[in-house]
Amino acid sequence: MSVHPGRAAQRSRTVELGMPTVASDPHRHLRGTESFPAAAHKALADTQLRRNLGHATRTIRAKRAGVVSEVDDWEELRRAGEAIKADTMARLPELLVELESQVTARGGVVHWARDAEEANRIVVDLVRGTGADEVVKVKSMATQETGLNEALEGAGIAALETDLAELIVQLSHDRPSHFLVPAIHRNRAEIREIFLREMPDVDPSLTDEPRRLAMAARAHLRRKFLAAKVGISGVNFAVADTGTISVVESEGNGRMCLTLPETLITVMGVEKLVPTWADLEVFLQLLPRSSTGERMNPYTSTWTGVTPGDGPQAFHLVLLDNGRSNVLADRDGRQALHCIRCSACLNVCPVYERTGGHAYGSIYPGPIGAVLSPQLTGIDGPDDVNASLPYASSLCGACFDACPVRIDIPNLLVQQRAAAVDAHTRPTGQDVAMQAAAIAMTTPGRFKLAERALGVGRVLAGRKGRITSLPWPASGWTNARDLPAPPAETFRQWWARTHGGD
Amino acid sequence: MRIAVVATCLGDALFPRAPIATVELLERLGHEVVFPADQTCCGQMHVNTGYLDAALPIVRHHVEVFGRALDRGADAVVAPSGSCVGCVRHQHAMVARRAGDEGLARAAEHGAERTYELSELLVDVLGVTDVGAYYPHRVTYHPTCHSLRMLRVGDTPLQLLRAVRGLELVELPDADVCCGFGGTFAVKNAETSTAMLADKMASVLSSKAEVCTAGDSSCLMHIGGGLSRLRSGVRTVHLAEILASTDRGNASADLVFDTAEVGP
Amino acid sequence: MDVAREEVLARLRSARDAGAPPTPVVVPRKYRPAGRYAPGSAQAVARLDETLTDYRATVTRVGSEADVAAAVAAFLGSASGIVVPPGLPAEWLAGFVGEVHRDTPPLTVDALDHLDAVVTGAAVAIADTGTFVLDSGSPDQGRRVITLVPDHHVCVIRAADVVCSVPEAIARLDPTRPLTFVSGPSATSDIELDRVEGVHGPRRLDVVLVGALTRS
């Protein structure tokens, strides 16, 4: 076995010009504080969380299955989506320059940010330049990743999240647990409690009827929207050949943020690009059906630079690297950059359904998050929490089937497991066991001997024929499952007895 | 047809009834079965745990052993395991290419083209769905993830089960959801694995089946180990064993096995 | 020189070229470019009626432009003040007795907030998804804000502008203008992932479909 000490760590310390680097994570939104099994332990014991997640993911899975089955060219659309994103990655620097020139030509201003701090600094300076002390925000993974809200707060600027689920998370001082529905871990009764507690002017007779809760959010935010001077958004798709930006949403809070303020600041990860306007014909079919399970989401806004007389008259686009170049440098792993954040892989994942998003420690949870988080921030030794994320999967493959752009997530998980093993700075117990097994498995004589050693198991099993308790780490198995006694005769012994030879 | 059998490391050492049943079934159908005795393991555990460098010699060994079997006249390779065939078909070449061994990758792809999971071999290659089995029990089928999503065996196992005389096939609710095994996942994330297992067992029990079958001993070890711990009275049996059973009794009944009730 | 720009681009170039030179990707576009029904056909319009209704828009079908005014008036009911884009055909409002504010010169947000409804046309509608697209550069659709702030939107869609599929719609649109794809009234799925209608955008959405009443 070849162990490459701290390959990832070395990479992360490389800051030469032009060398890919891992993401900066000033507010720890990409890397958790405990390993996945430890975090999952708490989540699994939370019966309310389990119920909320089970209900929500079952609902969305059924909706998605229904609207996907309506589309008879779904597989062709997936293949096109996959290829368009692969094409984008193959031409990413050139396409970004094209996007920049188109946006600039239409009156927008393009900024480049190497990492999270730089992006935050750019945005804070832009907001300060307007004199505003409050901004309205439409849900954006990129600004969650950089911790922009904390950075704004540090500069004395209040950032108001306007997406309903994001508002729930913000009001309850919680962390998001899902791409699409950051408050998926909360049920209606809990949301009512949060609103009653945290909304200053809420109607005290508020019920837990979802419609009433949505109305409460409308009332809470409406004045803010109508008076907002600065809006901040993310991007679903940016079109290189036209400079067009699109935001896909449901509530109309996005339209409010994109239309009413005088200044619009949009932050996008560099991978959110598609080459041409026509490519949207693929993604506007794939995304809504995969994410909210709708034929089309209620609102999709597209705009190009600044339009005199309509909408914000100042438009800034911040292009964020923050570790993406590091992901792009891995020829297989770069597929993770194809992700359009639909969250279908979360909704179908049996692990996510049971542990929820917080167990992943990153704002990118679920199967794609278990790949992307360690890719973006690196794996620093065997004890890094990031090293546990790629193992947070049974590799059942449901994520690949659901992925609208056919990201081979199970394979990427295996590749990240390999990266975790490569990052072992010292041999672990697992390394030793795996190495010993590998030697046995390439030496047929030793393999037979090892099989005979299993006879010990028959002693352990005794007369009851089952093993019910083993020492650590095998106790992980026997805590909940029996193990059968090894058979009196292995297959190869049977073969020799019945077919001769050996 | 001459068919080389992959006993699988788990089948060889812990669950020999599955490869034995595979051999007996294929022989009953008139085929010649060979057992390349140098075989050890496909390397799946190493690959799926991230030990891709350590997996390389295991993969090479498997490719060489079964490459020789094919060179010596075997027409096909069969394994009573969807996940082992999945590893052979989708991961062997990847491991080789990652190590820069294009020759091994090609040899792996060549071998993989003629390696089949048991139900694939029976239905897609040999063209049989009625294998003449008799199994008078109420059975539910769990489609293992690798059979379902890596190999896309579809309903071939169900076609085979439907043709078994005496067998009452009952539907497993949420059949396509993972049982929570996932190899080292079951130990590394034991609690999450157990939570998934609990739901799978609830589905099995709600089906009122006496027997839960599948094409992979590893998943059955997991589901059966849980059902055994619950003393549920439902047992797990590999698909090959059901297909090998006839009205002259269980094909492997003459074997010396533990007489005690064993979970899986 | 923008140091960050140069560095990001240099990193991305070196990352993209890592290992091997980039290979051009050919995108397989084997999906349907067109829908099941011809644009403007009775079947396409009927399907649009279904999908709009499915997402809680209220649809009235009329045979010709002459019937639009009555349908619009019926939807507006007792609304007292409405906003319309500068170029909305005056005939469409002939049956409405309340106050009509043309958005020229542009109304303030505050003024819009005091109006009951907005009436617009649409650039194109997509039958498969129950969507219509507003093009802010079109005189009968107007600035984005006028269809956002009032709580009730009445949209008049001509059969000729109805296509079946998303690709057909994308091909008809001008990306340099601000566009809004609307599919039903404002909604959210944020509470237990179930869709409820009515959040920040117009909570009531009514559509008048003009023409193609009979199967051609």
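Guide: In this predicted model, a residue is called buried if 20 or more other C-beta atoms lie within 10 Å of its own.

Visitor: What percentage of the residues of chain C count as buried?
Guide: Chain C has five helices and twelve strands, and its C-alpha trace spans about 70 × 45 × 40 Å along the principal axes. Among contacts in chain C with a separation of 6 or more, 70% join residues 24 or more positions apart. Of the 216 residues of chain C, the share that counts as buried is 52%.

Visitor: At roughly what angle do the axes of helix α4 and helix α13 of chain A cross?
Guide: The contact is made by Leu77(A), Arg78(A), Ala80(A), Gly81(A) and Ile84(A) on α4(A), and by Val282(A), Phe283(A), Gln285(A) and Leu286(A) on α13(A). By class, these are six nonpolar, two polar and one charged residues. The crossing is left-handed, and the axes, which come within 10 Å, cross at roughly 115 degrees.

Visitor: How many residues of domain 2 of chain B are in contact with domain 1 of chain B?
Guide: The domain assignment of chain B gives domain 1 as 2-125 and domain 2 as 138-244, and their C-alpha centres lie 22 Å apart. On the side of domain 1, 26 residues take part, and the number of residues of domain 2 in contact with them is 23.

Visitor: By class, how many charged residues are on the side of domain 1 of chain B that touches domain 2 of chain B?
Guide: Helices α1, α2, α3, α5 and α8 of chain B each supply at least two residues of this side. By class, the side has eleven nonpolar and ten polar residues, while the charged residues number five.

Key: Residues are numbered from 1 along each chain as its sequence is written. Chains are lettered from A and ligands numbered from 1 in the order in which they are written. This is a predicted model: local features need pLDDT of at least 70, side-chain atom pairs count only at pLDDT 80 or more; totals for chains, interfaces and linings use all residues. Axes are lines fitted to C-alpha atoms, for helices over the stretch in contact, and angles run from 0 to 180 degrees between N-to-C directions. Helices (H or I, at least four residues) and strands (E, at least two) are DSSP runs, numbered from the N terminus. A crossing is left-handed if the near helix is turned anticlockwise from the far one by less than a right angle, and right-handed if clockwise. Two residues are in contact if their C-beta atoms, placed from the backbone, lie within 7 Å. Ala, Val, Leu, Ile, Met, Phe, Trp, Tyr, Cys and Pro count as nonpolar, Asp, Glu, Lys and Arg as charged, and the others, Gly among them, as polar. A residue is buried if 20 or more other C-beta atoms lie within 10 Å of its own, exposed if 12 or fewer, and partly exposed in between; C-beta atoms are placed from the backbone. Domain bounds come from an automatic or database domain assignment.
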